[in-house]
Amino acid sequence: MSENGDGFPTIDDFAEVIGVDFSGARLAGQNMWLARLSRNGGDGVPWRLEELSRAGKRYGTDERPVVFDSLIREIAGSRRVLWGLDCPLGFPVLFDESTTWRDWPARMAEWGDDAAAFGRDCAERAKAEHGRMHVRRRTDTELKTPFDVYHYRIIYQTFFGIRDVVGRLSDEKKTAIIPFQYRRLAGAERVIVEVCPSSYLKRHGLPHQNYKQPGGKEPDDKRRATRRTILRHVTDFVETSAYRRKVMMENGGGDALDAVLAALSTAERWAAVDHDAVRRDDAYRCEGFIFS
């Protein structure tokens, strides 16, 4: 992959940007969505939404193991693609500074598939070590994420995302997981980063609540109004069809919209971030960095 004058690929070095609204649920394919952006030709809106699909339909099943296997194959087979996963890729330094991001998949494997129990154990250890149950990474504090990475509302995403997806991709020589593997960038065919749609909305002064309809029901008038506000912003940067705008408006949980926000956030922040500063930062190298 080519590099700019600072030694890092520019956003123009990627042919596509794919946002993944990740799910760690048993039927992960029901709520996981993928959005694929490509560069829009000419002036004006810089990106075009080429594809927006639910993982269960894309991969032919909702079952978590098969969905994850299919996602891994798709990522590993991609070229010149920047992937933004709405999923924590690292942990705070909870227990000792010798724990690296590569240690977490093996630690999680000891818990079988009991992500909730692992999360409770993290909270108990944090209480013992830090005097409080919930400890955030520095990037979580800076980006005002809704939860810490082992909060019960997000632990399934964290647990299965790190153990069963990113952990398995970390040894792919042509894959660079950033900020942990900056050294691989020059030879990488694909790059993976962490994003948070909620943080992206906050940074742009957009409504970050009341656009997801609880229970997966049809969005009510309040949620529709919020989504229209968000979509006005999105369409300033992403050309999309009337059909895909309708999908983002009608999808009950807001997952389709989150996938597009994940892709847009990834593209925007990759271009704006001081990569050398992120690469050199001890906290980011250990805990991760959110591109939102």
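Select Asn210 to begin: at 34% relative accessibility, Asn210 counts as partly exposed, a term for values between buried (under 20% relative accessible area) and exposed (over 50%), with a 1.4 Å probe and protein chains only. Asn210 is placed in the loop between α7 (197–203) and α8. Its phi is near 60°, a positive value in a residue other than glycine.

The model is predicted: local features need pLDDT of at least 70, side-chain atom pairs count only at pLDDT 80 or more, and totals for chains, interfaces and linings use all residues. Residues are numbered from 1 along each chain as its sequence is written, and side-chain values use heavy atoms, with hydrogens and water left out. Helices (H or I, at least four residues) and strands (E, at least two) are DSSP runs, numbered from the N terminus.

Select Arg80 next, in the loop between α2 (64–76) and β4. Arg80 is not a glycine, yet its phi is positive, at about 55°. With 37% relative accessibility, Arg80 counts as partly exposed.

**The sheet**

Now display the strands. They include an open sheet of seven strands with mixed pairing, in the order β5-β6-β4-β1-β2-β3-β7. The edges are taken by β5 (175–177) and β7 (238–239), each with a single partner strand, so one side of each is left without a neighbour in the sheet. Two strands pair if DSSP finds at least two bridges between them.

Select β1 (residues 16–21) and β4 (residues 81–85): these strands run parallel and are joined by five bridges. Val17 stands opposite Leu82 in β4.

Move on to β2 and β3, which run antiparallel and are joined by seven bridges. Here Arg39 has Trp47 in β3 as its bridge partner.

Then take β3 with β7, which pair in the parallel sense over two bridges. Arg48 has Glu239 in β7 as its bridge partner.

**Helices on the sheet**

Contact means heavy atoms within 4.5 Å.

**Two helix pairs**

Two packed helices are described by the angle between their axes and the distance between the axes.

Keep α10 (residues 255–272) and select helix α8 (residues 221–234): the two pack at an angle of about 30°, with their axes 12 Å apart. They are therefore roughly parallel to each other, on a scale where angles under 35 degrees count as roughly parallel, over 145 as roughly antiparallel, 65 to 115 as roughly perpendicular and the rest as oblique. The crossing of α8 and α10 is left-handed, that is, the near helix is turned anticlockwise from the far one by less than a right angle. Show the side chains of the contact: Arg227, Ile230, Leu231 and Val234 belong to α8, and Leu257, Val260, Leu261 and Leu264 to α10. These residues divide into seven nonpolar, no polar and one charged. In this division Ala, Val, Leu, Ile, Met, Phe, Trp, Tyr, Cys and Pro count as nonpolar, Asp, Glu, Lys and Arg as charged, and the others, Gly among them, as polar.

For the second pair, select helix α4 (residues 115–130) and helix α6 (residues 155–169), whose axes come within 9 Å and cross at roughly 105°. That makes α4 roughly perpendicular to α6. The contact is made by Ala115, Ala116, Phe118 and Gly119 of α4 with Ile155, Tyr156, Phe159 and Phe160 of α6. Its residues comprise seven nonpolar, one polar and no charged.

**Two buried residues**

Stay in helix α4 and select Ala123, which counts as buried at 5% relative accessibility. Not counting residues up to four places away in sequence, Ala123 touches Met133 and Tyr150.

Select Asp86, in the loop between β4 and α3 (104–109). Asp86 is buried, with a relative accessible area of 14%. Leaving aside neighbours within four places in sequence, its contacts are Val20, Asp21, Phe22, Gln157, Val195, Cys196 and Pro197.

**Last stop**

End in the loop between β5 and β6, where Pro179 is found. The peptide bond from Ile178 to Pro179 is cis, with omega near 20°.

Key:
Axes fitted to C-alpha atoms, helices over the stretch in contact; angles between N-to-C directions.
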